[in-house]
Amino acid sequence: MANMSLKKNPMPSQDPNVRNKNFDEVALGYTEEQALDEATRCLNCKNKPCMQGCPVMVHIPDFIAEVAKGDFEAAYQIIAATSALPAVCGRVCPQESQCEKYCVRGIKGEPVGIGRLERFVADWHREHASGAAEKPASNGHRVAVVGSGPSGLTCAGDLARKGYDVTVFEALHLAGGVLVYGIPEFRLPKTIVQKEVDGLKELGVTIATDTVIGRTITVDELMEEQGFEAVFIGSGAGLPMFMNIPGVNYKGVLSANEFLTRINLMKAYKPDSDTPIQHPKKVAVVGGGNVAMDAARCAKRLGAEVYVVYRRGMEELPARKEEVEHAEEEGIIFKTLNNPVEIMADENDNVNKIRCIKMELGEPDASGRRRPIEVPGSEFELDVDCVIMALGTSPNPLIKSTTKGLEINKKGGIVVNEDGLTSREHVYAGGDAVTGAATVILAMGAGKTAAKAIDEALSK
Amino acid sequence: MYRIVRKEALRPTVTLYEIEAPLIAKKAQPGQFIILRTDENGERIPITINAYDPEKGTVTIIVQTVGATTVKLSHMKEGDCLADFVGPLGKPTETEGKKKVAVVGGGVGCAIAYPVLKKFHDDGAEVHAIVGFRSEDLVILEEDFKKSSDKLIVCTDDGSYGRKGLVTEALKELIDAGNQYDEVFAIGPMVMMKFVSKTTEPYGIPTTVSMSPIMIDGTGMCGGCRLSVGGEMKFACVDGPDFDGHKVDWDLAVKRNQMYKDFEAHKYEETCNLFKKEAE
């Protein structure tokens, strides 16, 4: 008999006033009892609508049925068959606009907590499973993957499972891409990313860190000199945008990428880290996406009073609702319908104020969102000693400028067909390198599509 | 791993390290840099490449001990391995098509000036080198400079070696003596590069500087190294490190480099104390 409760089992979490002072994970995860109970809310629909919302097509009702039986390892194996990073996706996917959006239980009440169950299963496996995964027999083909973010890791995992000899090239000193430098520890513990990467190594994937494709080695050299038969480019969209306003280069103005890299990758908040970070008193984070929420919540944890300055209203914030709620609970102050016009500094060029103008919403623009319009004469100043720009990122031009014949669109994204194939034979691409900044799970889906196409092309 | 195959003290606080890094050795060109990290808690710091040997698979850097990370590095021995060594990064210096150039190096910047100077020289240009140091005990690479230049002036601030005074004075004299340079290339402390640029500006001599702002990733993903050049925002790690010295906003660049001064001073002291304790 199904559990007909209209509500999801709530997620146990750290108290907001405790967690806003530490970098430990906010959401604590289901207990076995909570997971068993939540699993029985799934009706095991015949047509499985939830699956159409999952870009990597996890067999959702099947794994949940195993959870309900208490066979968590069997549940894990079902997820792992299609997803390379379940502990990550269970945590950072926007389930409300993916799998859970299509859940039948969501019509009357809340959908099944698919993400929470996926996370539970992946965590259970990590804590209980013994022994390394078996390395598949080699099929003799070599594939290079550029970038170790979600798309690259997924592509590498899928190909390794089919027996390909895969090397992942990463420019930074740790694998994971945005999972290690962007998403903070309190949303995604780095030990979990490391475990997922270790899992890939057990499958036989080689991870070459400190290797900048385009500088250390080019895509052409990978194919012509190093004997890789196909290349997947999953280099992401790491180039930060800054506002074109006066004062943007003063000390204390950072891109969210820089601020988050110092915190997440370099652990600058820890006393034993050699990497410095400003400990600001009052911070303005400019932007309203998930990256803005991450930066704001990190700044709060460094002890600052934090404003999120966004030019549209609360309703229009592009960040996940859950992230906005978490930020509000932790004491982040939202200054919506405001836009910065100038950053001011003291005689040493240290930021001391940000000047903003109030906005109102006009008619919807081409993107369908109501266009923000400045309210004349409404300028005001906020005392801040740090401004973090979280306005989005675009694809890094390094690979484009060092790879012959790679077609690029106006926004700097690599042009691909439906299989992820670029304008170059046997060169594939996916994730943010193609789409510009998007989501982890879409990048994983693209990695999966390309792996399938690479397999078809090379096994001909 | 990135093994230190040779370590040589050039001066009491200036050390040469030859690092095993075959891929970088194969690709490196004058003007490019690497990013290194000594250990797991280490920060990423940019250091310009002094020399590279593709056959041997090594890259040479010359480092002055100035802060926490360079102190840590100075305690590493031949055979030890660096946690990370990434590169070659940045655009190579453009040296082609110049008939007569002046290369101005300041302090440990001379380690970087040297491969650029040698390239100018090997490409057939007449090369005048002006190298400046605070005092005699910091003078490096004099023999190398001598071999690859047509004229060499060594200056020290305190007059303890060579000519007393600043490189800018020596440069101005050469220009006033009628030397017509196609380009002046300057690399050293930001303040020095600023005044070299100010010196050449009235004469309209194209001046290239190799900028050294604070960096983290060195691949263009954070903008920590951004500069204002000709009113435009540039990322030194990918758009540079070479820029037109007459277009750089020097005051801003100098100030931005002091962003973490207090932290750096504290960390330096902490690291030195740590090594002192170990020694006891």
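Mentor: **Salt bridges and their setting**

A network of salt bridges links R19(A), R187(A), D294(A), R297(A), R301(A), E323(A), E329(A) and E330(A). A salt bridge here is a side-chain nitrogen of Lys or Arg within 4 Å of a carboxyl oxygen of Asp or Glu. In general, side chains of opposite charge can pair when their charged atoms come close. The model is a predicted one, in which local features need pLDDT of at least 70 and side-chain atom pairs count only at pLDDT 80 or more, while totals for chains, interfaces and linings use all residues. Residues are numbered from 1 along each chain as its sequence is written, chains are lettered from A and ligands numbered from 1 in the order in which they are written, and side-chain values use heavy atoms, with hydrogens and water left out.

Over all chains, the search of the whole structure finds 53 salt bridges. In one of them, R119(A) meets E25(A) at 3.0 Å, N to O. R119(A) belongs to helix α7 (residues 114–128) of chain A and E25(A) to the loop between α1 (16–19) and α2 (32–39) of chain A, so this pair ties together parts 94 residues apart in sequence. Helices (H or I, at least four residues) and strands (E, at least two) are DSSP runs, numbered from the N terminus. R119(A) is buried, at a relative accessible area of 5%, and E25(A) is buried as well, at 16%. Buried means under 20% relative accessible area, exposed over 50% and partly exposed in between, with a 1.4 Å probe and protein chains only.

Helix α7 of chain A also carries D123(A), whose partner R91(A) is in helix α6 (residues 86–92) of chain A, 32 residues apart. The closest N and O atoms of R91(A) and D123(A) are 2.8 Å apart, and both residues are buried.

A further salt bridge joins E456(A) and K452(A) at 3.7 Å, N to O. Both residues lie in helix α17 of chain A, four residues apart, about one turn of the helix. E456(A) is partly exposed, at 44% relative accessibility, and K452(A) is exposed, at 53%.

Helix α17 (residues 440–458) of chain A also packs against another helix: its axis and that of α8 (residues 150–161) of chain A come within 7 Å and cross at roughly 35 degrees. Axes are lines fitted to C-alpha atoms, for helices over the stretch in contact, and angles run from 0 to 180 degrees between N-to-C directions. On the α8(A) side, the contact is made by P150(A), S151(A), T154(A), C155(A), D158(A) and L159(A). Among the α17(A) residues that take part are V440(A), A443(A), M444(A) and G447(A). Contact means heavy atoms within 4.5 Å.

The sheet is the next part of the setting. Five strands of chain A form an open sheet in the order β6-β14-β7-β8-β9, with parallel pairing. Two strands pair if DSSP finds at least two bridges between them. At the edges are β6 (253–255) and β9 (333–336) of chain A, each pairing on one side only. From one strand to the next, the twist averages 20 degrees. Strand β8 (residues 305–310) of chain A pairs with β9(A) in the parallel sense over four bridges, and Y310(A) stands opposite T336(A) in β9(A). Helix α13 (residues 290–301) of chain A lies across β7 (282–286), β8, β9 and β14 (386–389) of chain A, at about 165 degrees to β8(A).

M389(A) is found in strand β14 of chain A and is buried, at 3% relative accessibility. Leaving aside neighbours within four places in sequence, the contacts of M389(A) include M241(A), F242(A), V253(A), V286(A) and I343(A).

I343(A) stands opposite I354(A) in β11(A). Strand β10 (residues 338–345) of chain A and strand β11 (residues 351–364) of chain A run antiparallel and are joined by seven bridges. They form a hairpin with five residues between them, and D349(A) in the turn has a positive phi of about 65 degrees.
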